[in-house]
Amino acid sequence: MIPTSKPFLPPLAAYVGYLEGIWDRVWLTNNGPLLLELEAALARFLGARYVVVTANGTLALQIAMRALDIQGEVICTPFTFVATASAPAWEGADVVLADVEPGTLTLDAAAVARALTPATRAILATHVYGVPCDDDALAALASRKDLRLIYDAAHAFGATYRGRSLCTFGDISVLSFHATKLFHTVEGGALVTEDESVAARARSLRNFGTLSTGGFGEPGTNAKCSEFHAAMGLALLPQVPELIARRAALSAEYDRALMGLAVDRLQSRPGAVSNHAYYPLLLPNERAVLRLQQALSGQDVQLRRYFYPCLNTLPYARAGALPVAEAASQRIVCLPLYPDLTPEQVRSIAGTVRQVM
Ligand SMILES: *Cc1c(COP(=O)(O)O)cnc(C)c1O
């Protein structure tokens, strides 16, 4: 079967090399040397000041809410993975959804401005498929209205915007290192911030509220990253440029094979360099999506409707009509894209897309 995405593993020897160190030290978790090495390597790779690695991206979102003292309303994008909305709801926030821009499908700053109330405390926007949000507009609005700005940058690893890692914007950027992501630690995530006190608080919150000076502060959780997970990240990180290059080549193959076809593409933003984490297409309508899904499944190819359904179907999220996000959710598909996919497989999948269209 050809899945939509497939985890990539580093050479086993690279991972085993790190395991030998773990066996020597018998230091398995709790702020171990491999975790510290991974955090330093990620800070260098991303050009970020502080990187706090966690057990997964969802806990990183929850910790971000607490590290920035966000209670009340959070205005969130409806076109994202469910965790972007469920994590703030889990933290007791009122999740209010505002519509996305038609071109990029990222949170529309004008729609956020219309959704503001006196209870609004934060904006939570996703760089969906690694396409940058309109940071100028969102950051200006946040600053004018004294709101915190969190970016869900789970899709943004390796993408840059205006010469800077897309994982370094906002008060906090949250990353996911889940196995299906471009870079992963099997399960994992991180908070990225420029603010030393926010980083210190996130470190305390991920470790039961333990203070660096000893003793305990506010209630924390257990969102620690083990040495085994950190080892996976360290073994994989040197391969990221090569992985992005392979994804870029496969995306270019899709582009060539689908040239001239009447399907809408997502727009990017000037100054953005893609990480080619996904290959999204907007088909003309939902019927075409279902037809394509069926035709591909007959060839043992999985087509994900990513993201479907629109998050205004969540029982805990408040939203008015979201015409852009709703229509996009009906029409979006992500074609299979992962480093081991072959150009022949890409051409065969693209051929089926052409036939169905
Ligand atoms: C994967 C993902 C998450 C959740 O991350 P986990 O590490 O699986 O908890 C959150 N937001 C987006 C946009 C994602 O793609």
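**Exercise 1. How many cavities of 30 Å³ or more does the structure hold?**

Before you start: this is a predicted model, where local features need pLDDT of at least 70, side-chain atom pairs count only at pLDDT 80 or more, and totals for chains, interfaces and linings use all residues. Residues are numbered from 1 along each chain as its sequence is written, and side-chain values use heavy atoms, with hydrogens and water left out.

*Solution.* 

Step 1. On a 1 Å grid over the protein atoms alone, a cavity is a set of points where a 1.4 Å probe fits but cannot get out; a pocket is an open set with protein on both sides within 12 Å along at least five of seven lines; and lining residues have an atom within 4 Å of a point. Points are joined across faces, edges and corners, and a volume is the space filled by probe spheres set on them.

Step 2. Count: there are 2 cavities of 30 Å³ or more.

Step 3. Take the largest cavity, at about 50 Å³. Its lining includes Lys6, Pro7, Phe8 and Arg247. Sorted by type, the lining gives 6 nonpolar, 1 polar and 3 charged residues (Ala, Val, Leu, Ile, Met, Phe, Trp, Tyr, Cys and Pro count as nonpolar, Asp, Glu, Lys and Arg as charged, the others, Gly among them, as polar).

Step 4. Domain 1 (12–99 + 106–238) and domain 2 (240–356) both contribute to its lining, so it sits between them; the domain bounds come from an automatic or database domain assignment.

Step 5. On to the second largest cavity, with about 30 Å³ of space. Thr168, Gly170, Val192, Thr193 and Glu194 line it, which splits into 1 nonpolar, 3 polar and 1 charged.

**Exercise 2. Work out where the largest pocket lies and what lines it.**

*Solution.* 

Step 1. Start with volume: the largest pocket comes to about 500 Å³.

Step 2. List the lining. It has 33 residues, with Ser176, Thr180, Lys181, Tyr278 and Tyr306 nearest the centre. By type that's 16 nonpolar, 12 polar and 5 charged.

Step 3. Find the elements. Helix 3 (57–67), helix 4 (83–90), strand 8 (172–176) and strand 13 (332–335) each supply at least two lining residues. Helices (H or I, at least four residues) and strands (E, at least two) are DSSP runs, numbered from the N terminus.

Step 4. Locate the pocket: both domain 1 and domain 2 give residues to the lining, so the largest pocket lies between them.

**Exercise 3. Describe how the protein surrounds the ligand.**

*Solution.* 

Step 1. Pick the neighbours: 15 residues surround the ligand, and the closest are Gly57, Thr58, Asp152, Ser176 and Lys181 (near means a heavy atom within 4 Å).

Step 2. Check distances to ligand oxygen atoms. A polar side-chain atom of Thr58 is 2.6 Å from one, for Ser176 the distance is 2.7 Å, and for His155 it is 3.0 Å.

Step 3. Look at the cover: the protein hides 92% of the 380 Å² of accessible area that the ligand has on its own (Shrake-Rupley method, 1.4 Å probe).

**Exercise 4. Which peptide bond has omega near 20°, and which near -5°?**

*Solution.* 

Step 1. The bond from Tyr306 to Phe307 is cis, with omega near 20°. Phe307 is in the loop between helix 10 (286–297) and strand 12 (317–319).

Step 2. The bond from Tyr308 to Pro309 is cis too, with omega near -5°, and Pro309 is placed in the loop between helix 10 and strand 12.

Conventions. Polar contact = N/O pair within 3.5 Å; in protein donor to acceptor, adjacent residues only side chain to side chain.
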